[in-house]
Amino acid sequence: MEDPNATTTSQSHCQEAALEQSKRPSHRTKSHELELPEHVLENVLQFLVCRRDRNAASLVCRSWKKAEAQTRRELYVGNCSSVSPARAVRRFPCARALVLKGRPHFTDVSGFLFLDARFSPWLAAMATAYPWLERLCLKRMTVSDFELSILARSFPSFRDLTLIRCSGFGTRGLAVIAELCRNLRILDLIENKVEDEEEEDVVDWISMFPETTTSLESLSFERVNWANFSALEALVARSPSLRRLRVNRNVSLSQLRSLMARAPQLTHLGTGSFWPGIYDFNIAEDFNVAEDFNVDKDFNVADLEQAFVSSKSLICLSGFLEAAPELLPAILPVCANLVSLNLSNARITAEQLKPVILKCNNLRTFWVLDTVGDEGLQAVAKACKNLCELRVIAANVIDGMEVLVSDASLLAISNGCRKLQSILFCCRRMTNAAVVAMSKNCQDLVVFRLCIMGHHRPDHITGKPMDEGFGAIVMNCKKLTRLAVSGLLTHKVFKYIATHGKSIRTLSVAFAGGSDLSLKYVLEGCHSLQKLDIRDSPFGDVGLLSGIHHYYNMRFLWMFNCKLTLSGCKEVAQKMPNLVVEVIVDRTKYLDSDTVKKLYLYRSLEGPRDYVPPYVNIL
């Protein structure tokens, strides 16, 4: 039998030997120990692909910093206002890919457009510094047609463009990209606001792709109005490498079937509309009504089912922008192979979901509306044992609506889907017991976002605050990096978060109870915190000032409808000159009150941004 003390004894001998070695005189300095030939160091650093690993390597010494900068091929900028383009390209002169983020994530739901994240200064810097640029991903940025035109003309090797929730451009800019970027592999337009001012401004951009065989591997345009199906069909036919295709609601089901027949190699498909009709943008007023569709005379249910039978490579399905529930069984032939299914646009019931979800035994990612109810999510728990990501999204956020999903769903998911790593769960009723069960059953959770809609909702059975549930999550889920809390909360849960949530980088707080002590706990205890957004919570100047020591290490702090004053915000600005402190007032009002309703605070190497609207005051 193995000696249980053997490992401990061995470690002890090693420690003694190391201690003895440290007592001997050394003839080499610490800097000498880190010196490597430049070409050797650069070859080693090329194997570091994680940006956090690269950041750590750049902090070792100056020679490592220089070598890391020379070998970094992908540049990630999490806040475009935090650094100037000139500084970024000077620091990393050899980048061939750029990921650039603009407006913070809370602007998606808050509707606050005070931060105009413009792409133009970055494009001007890249055009001269990065002529070999190949890939660009912009998120929540303002991009014009002119800038897309300059982009297409400035980088001859350019091949990948991804725009996520961007605005300011139209089909003219897309047409230039399609025409001039001859090596384009990826054109993904995801949830953008495509702006063509007049009907005559709309350009048939799909027709501008090369008439010869293309290199396209991914094409997504779910939110782009467009109607030339023959051009799309021809493009798909001459794109043998196409693997991902997501179309808009203008593509009818009979046309979708034709596209699938021409591209049986597709692995990812966004169906657009999933309705037995042709969407008419000229009469549309509500995207969810059947009156916006003309009759599709070529549609046949049997043909649609056969198209899915023939699509043996499909592993990801999305779209369903106007799903006809009776047509969902048409996807049954591919359900067994699916690893991702997004039904977050489909208002379906449990009875309509169950025949489909019970066949999806290999599913890893699933998004759905809460209209499926507890019964539908219990079917998910029964069928999807390998599920890693789940999003249950509220179909209607109006307070006082019927309870569709509850603690019963969360409990079922925690029991059935024990490999879960990420969950967004919107509900109107929850218990501590259900959240505690999830913390014990799903300890690999990295993201836990529980949105209990309504103000200060307690445990609906015991009437107690939700402190114990969220406390169990941070105590038992050691890998947690993102947390969203809601419901009736006291300072007790924030003490749990500060004590056990050492890995949390993003924290969202809504309708919290307690006092400034709650915020003080978080800002003093969560050393890894990067992003903090708070709304409708009783935190004031004392809580704000308690984070003075940590704000330089954070990407941003957003506070909305709390108890801040202008004098408290000014004190932060005075004590931290390299921090940008912005106070946002209503567009129709001026900063004539000591009460601050909206505060946006972020670190910057360049100081305040150049352009701010008149209702933003930079302190």
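This is a predicted model: local features need pLDDT of at least 70, side-chain atom pairs count only at pLDDT 80 or more; totals for chains, interfaces and linings use all residues.

The relative accessible area of Leu363 is 0%.

**Exercise 1. The chain as a whole**

State how many helices and strands the protein chain has, and what share of its residues is buried.

Solution. 
- Step 1. The secondary structure of the protein chain consists of 23 helices and 23 strands.
- Step 2. The chain has 619 residues, and 51% of them count as buried.

**Exercise 2. Two residues in loops**

Locate Ala95 and Leu363, and determine which residues each one touches.

Solution. 
- Step 1. Ala95 belongs to the loop between α6 (85-91) and β2 (97-101). With a relative accessible area of 1%, Ala95 is buried.
- Step 2. Arg72 is 23 residues from Ala95 along the chain, yet the two C-alpha atoms are separated by 6.0 Å.
- Step 3. Neighbours within four places in sequence being set aside, Ala95 contacts Arg72, Arg73, Leu75, Tyr130 and Trp132.
- Step 4. Leu363 is found in the loop between α15 (350-357) and β13 (365-369). Its relative accessibility is 0%, so Leu363 is buried.
- Step 5. Between Leu363 and Ala383 there are 8.8 Å, C-alpha to C-alpha, and the two are 20 residues apart in sequence.
- Step 6. Beyond residues up to four places away in sequence, Leu363 touches several others, including Leu338, Val339, Ile357 and Cys384.

**Exercise 3. A helix and its surroundings**

Identify the buried residues of helix α9 and the elements against which they pack.

Solution. 
- Step 1. In α9 (residues 145-154), the buried residues are Glu147, Leu148, Ser149, Leu151 and Ala152.
- Step 2. An α-helix has 3.6 residues a turn, so residues three or four places apart point the same way.
- Step 3. The buried residues of α9 pack against α8 (120-129), β3 (135-139), β4 (160-164) and α10 (171-180).

**Exercise 4. Two pairs of helices**

Describe how α12 is arranged with α13, and how α19 is arranged with α20.

Solution. 
- Step 1. Two packed helices are described by the angle between their axes and the distance between the axes.
- Step 2. The axes of α12 (residues 253-262) and α13 (residues 301-310) approach within 9 Å and cross at roughly 30 degrees. Angles under 35 degrees count as roughly parallel, and α12 and α13 are therefore roughly parallel.
- Step 3. This crossing of α12 and α13 is left-handed. Leu253, Arg257 and Met260 of α12 make the contact with Asp303, Leu304, Ala307 and Phe308 of α13. By class, the residues of this contact are five nonpolar, no polar and two charged.
- Step 4. For α19 (residues 467-476) and α20 (residues 491-500), the axes come within 9 Å and cross at roughly 0 degrees. Hence α19 is roughly parallel to α20.
- Step 5. Residues of α19, among them Phe470 and Val474, meet residues of α20, including Tyr496 and Ile497. The contact of α19 with α20 has six nonpolar, two polar and three charged residues.

Key:
Residues are numbered from 1 along each chain as its sequence is written. Side-chain values use heavy atoms; hydrogens and water are left out. Helices (H or I, at least four residues) and strands (E, at least two) are DSSP runs, numbered from the N terminus. Buried means under 20% relative accessible area, exposed over 50%, partly exposed in between (1.4 Å probe, protein chains only). Contact means heavy atoms within 4.5 Å. Axes are lines fitted to C-alpha atoms, for helices over the stretch in contact, and angles run from 0 to 180 degrees between N-to-C directions. Angles under 35 degrees count as roughly parallel, over 145 as roughly antiparallel, 65 to 115 as roughly perpendicular and the rest as oblique. A crossing is left-handed if the near helix is turned anticlockwise from the far one by less than a right angle, and right-handed if clockwise. Ala, Val, Leu, Ile, Met, Phe, Trp, Tyr, Cys and Pro count as nonpolar, Asp, Glu, Lys and Arg as charged, and the others, Gly among them, as polar.
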